[in-house]
Amino acid sequence: MSSSADTPTAIQQPSSSLAKPRLRAVIVNTNQEGNPVLDYIKNVPWEYGETDADYQVGKTTGVIFLSLKYHRLYPEYIDTRLRQIERKFYLRILICVVDVDDHQQSIKELTRTCIFGKTTMILAWSRQEAGRYIETLKSYENKPPDLIKKRVDDDYFSKLTEAVTAIKSVNKTDAMTLASNIGSFKDIAHATSEELMLLPGFGEQKAARVSSAFTTVFCIERV
């Protein structure tokens, strides 16, 4: 006998009287019935329910789905949909499937629309990818931000590496070279371009960038 965990999530069909949706499930607007994206939402439960978004992945997070091909035919649609959810969700996300070849201008227009509408836009290059984005948004609904923060060890060398690799073209090997040949962060900050050029892997351009990072004035003085 198989356990309930082995049973795939059942997909409920829309009905005229929708039951109150479960908070743990993605709430799907009935206007998405027949959208192939639903076939790729497999790792989190979903069900049809009353929501102003196309996919509600959290109490305050709503997703609008759009394909560029549809946008070309009905360019006014997205403005209407974004206005409909403007005051309903704190985080508004547009998942746009790029399904046309000449897409640059359309994406530029949608980017401008999302900026003015305070909406986050995510581009997907297939409906499968769009489904995975919806799954991920739901899965991380209650996760702390620490999960996606870059982890930096507390030891001195790790912090030094984190600092110097922020300089363009400086990698972890260069950080090791700086620490081994010059010494502390203070010594690196006071090293001249000529001194840096003597190190292995440091050409004129990289040495100039490191030196400039510590000598360039950060604030512009106002006259």
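Ser-211 counts as buried in this predicted model, because its relative accessibility is 13%, where buried means under 20% relative accessible area, exposed means over 50%, and partly exposed lies in between (1.4 Å probe, protein chains only). Ser-211 belongs to helix H9, which runs over residues 204-215; helices (H or I, at least four residues) and strands (E, at least two) are DSSP runs, numbered from the N terminus. Leaving aside residues up to four places away in sequence, Ser-211 touches Ala-191, Ser-193 and Leu-196, a contact being heavy atoms within 4.5 Å.

Residues are numbered from 1 along each chain as its sequence is written, and side-chain values use heavy atoms, with hydrogens and water left out. Because the model is predicted, local features need pLDDT of at least 70 and side-chain atom pairs count only at pLDDT 80 or more, while totals for chains, interfaces and linings use all residues.

**Confidence in the model**

- The mean pLDDT of the chain is 85, and 83% of its residues reach 70 or more; pLDDT is the predictor's confidence in each residue, from 0 to 100.
- Over residues 1-17 the pLDDT is below 50, and this stretch has 12 contacts in the model beyond near neighbours in sequence.
- Among the elements of the chain, strand E4 (residues 61-67) has the highest mean pLDDT, at 95, whereas helix H5 (residues 156-164) has the lowest, at 89.

**The chain as a whole**

- The chain contains 9 helices and 6 strands, and of its 223 residues, 35% are buried.
- Of the contacts in the chain with a separation of 6 or more, 59% are between residues 24 or more positions apart.
- The accessible surface of the chain comes to about 14,800 Å², and 53% of that surface belongs to carbon and sulfur atoms; accessible areas come from the Shrake-Rupley method with a 1.4 Å probe, and for residues only the protein chains shown count as cover.

- Tyr-70, Leu-73 and Tyr-74 make a nonpolar surface patch of about 320 Å². Patches are made of residues with over 30% relative accessible area and no salt bridge, with like charges joined within 9 Å and nonpolar side chains (Val, Leu, Ile, Met, Phe, Trp, Tyr) within 5 Å.
- Leu-73 lies in helix H1, which covers residues 68-73, and Leu-73 is exposed, because its relative accessible area is 61%.

**Salt bridges**

- A search of the whole structure finds 6 salt bridges, a salt bridge being a side-chain nitrogen of Lys or Arg within 4 Å of a carboxyl oxygen of Asp or Glu.
- One of them joins the side chains of Arg-127 and Asp-99, at 3.9 Å from N to O. Arg-127 lies in helix H4 (residues 127-139) and Asp-99 in the loop between strand E5 (91-97) and helix H3 (104-116), so the pair ties together parts that are 28 residues apart in sequence.
- Arg-132 is partly exposed at 47% relative accessibility, whereas Glu-135 is buried at 4%.
- The side chains of Lys-138 and Glu-141 meet in a salt bridge as well, at 2.8 Å from N to O; here Lys-138 is buried, with a relative accessible area of 7%, while Glu-141 is partly exposed, at 29%.

- A search of the whole structure finds 0 disulfides, a disulfide being a pair of cysteine sulfur atoms within 2.5 Å.
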